[in-house]
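Dear colleague,

I am handing over the structure below, and my notes on what was found in it follow. Please read them alongside the coordinates.

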Amino acid sequence: MTSINTSSYEQIYLAYRSVGQSADLIVPAVALNFVALIGIMLNGTVLFVTIKSSSLRGSANFLMTLICLCELVHQIGHTFFLVVVISGTNFVSLLTADLIMAPSIFALNCGLMAMLCAAVDRLFAVALPFKHSAIFIKYKYSYLVVYLFICVIYGIYAVNYVLEFAIENAGIKSTGFVAETLQGNVWRFFFNSAFILCCSVFCYLAIFLIIRCKKGVTQQTSTRVLRSLSIILLINIGGYLITLAMYRFIDIISSIFG
């Protein structure tokens with residue numbers, strides 16, 4: 001397993017291990033959970049509407065529901081960080097944190113793969129609409145299970161390498177913050193996630209080009225599609241890419257000055 005510079009984590013541990021409740025830890029935890037709460041409500045709303053509406057039963061709706069479900073579980077996982085710091089404990093072992101956060105870590109990575117699956121599905125539907133429709137109608141559940149299986153396997157794979165490092169380094173302390181649970185696997189998580197998201201971006205760009213090149217597509221339709229894809233790229237996928245870049249930047253700075 002790849003070793004990492006844990007000096008920054010050790011400094012935080014030494015500074016806050018015996019201080020009890022500290023605003024330095026509680027304020028970020030509250031802010032993070034406030035943002036997570038908004039995400040939980042929004043994703044929960046999408047899940048509710050999709051389940052209630054009988055017209056939303058296509059492959060795109062299924063994958064969007066899966067993404068929202070994964071995001072919801074991932075966001076709920078942030079409460080562990082809040083509980084740890086509000087209790088005044090401030091730190092638990094990395095293994096304990098990873099075991100408790102395992103569902104959140106699984107959901108985070110499963111959701112990332114679901115984003116790629118959704119992009120691939122849309123590309124398939126746009127590039128070969130009749131083929132996509134025929135396969136979905138004839139093999140609906142098998143088609144959806146394949147996507148679900150891919151997402152679940154990737155989620156399990158991610159949890160496995162996170163727990164593997166935690167078992168080997170159970171003595172490391174963690175506040176329960178999700179980024180800390182990835183200690184020792186930052187490069188692997190960063191590369192895998194960035195690759196998945198970039199593939200998703202490629203699929204959506206291909207979708208736009210295909211639609212633009214199709215005969216009979218009006219300028220208004222192209223503009224509407226471009227606007228929709230821009231929202232997906234900037235808010236959803238772009239948010240993840242920016243977060244990954246931020247985490248990587250912080251990790252590099254910590255390694256240099258830690």
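**Findings**

Asparagine 90 counts as buried because its relative accessibility is 0%, where buried means under 20% relative accessible area, exposed over 50%, and partly exposed in between (1.4 Å probe, protein chains only). Asparagine 90 sits in the loop between α4 (79-86) and β1 (92-93), the elements being DSSP runs numbered from the N terminus, with helices as H or I of at least four residues and strands as E of at least two. Although asparagine 90 is not a glycine, it has a positive phi of about 70 degrees.

Before going further, please note that this is a predicted model, in which local features need pLDDT of at least 70 and side-chain atom pairs count only at pLDDT 80 or more, while totals for chains, interfaces and linings use all residues. Residues are numbered from 1 along each chain as its sequence is written, and side-chain values use heavy atoms, with hydrogens and water left out.

On charged contacts, the structure holds one salt bridge, defined as a side-chain nitrogen of Lys or Arg within 4 Å of a carboxyl oxygen of Asp or Glu. The partners are arginine 122 and aspartate 121, whose closest N and O atoms are 2.8 Å apart. Aspartate 121 is buried because its relative accessible area is 0%, whereas arginine 122, with 28%, is partly exposed.

As for the cysteines, a search of the whole structure finds zero disulfides, a disulfide being a pair of cysteine sulfur atoms within 2.5 Å. Cysteine 151 is accordingly in no disulfide, and the nearest cysteine sulfur, that of cysteine 117, is 3.8 Å away; cysteine 151 is also buried, at 0% relative accessibility. The sulfur of cysteine 199 is too far for a bond because the closest cysteine sulfur, in cysteine 203, is 6.9 Å away, and cysteine 199 is partly exposed, with a relative accessible area of 24%.

Tyrosine 161 lies in helix α7 (residues 140-168) and, at 1% relative accessibility, counts as buried; its C-alpha is 9.2 Å from that of arginine 188, which is 27 residues apart from it in sequence. Isoleucine 38, in helix α2 (residues 23-52), is partly exposed at 36% relative accessibility. Isoleucine 38 belongs with Phe34, Val35, Leu37, Met41 and Leu42 to a nonpolar surface patch that has about 610 Å² of accessible area together. Such patches are made of residues with over 30% relative accessible area and no salt bridge, like charges being joined within 9 Å and nonpolar side chains (Val, Leu, Ile, Met, Phe, Trp, Tyr) within 5 Å.

Best regards

Technical notes
Accessible areas come from the Shrake-Rupley method with a 1.4 Å probe; for residues, only the protein chains shown count as cover.
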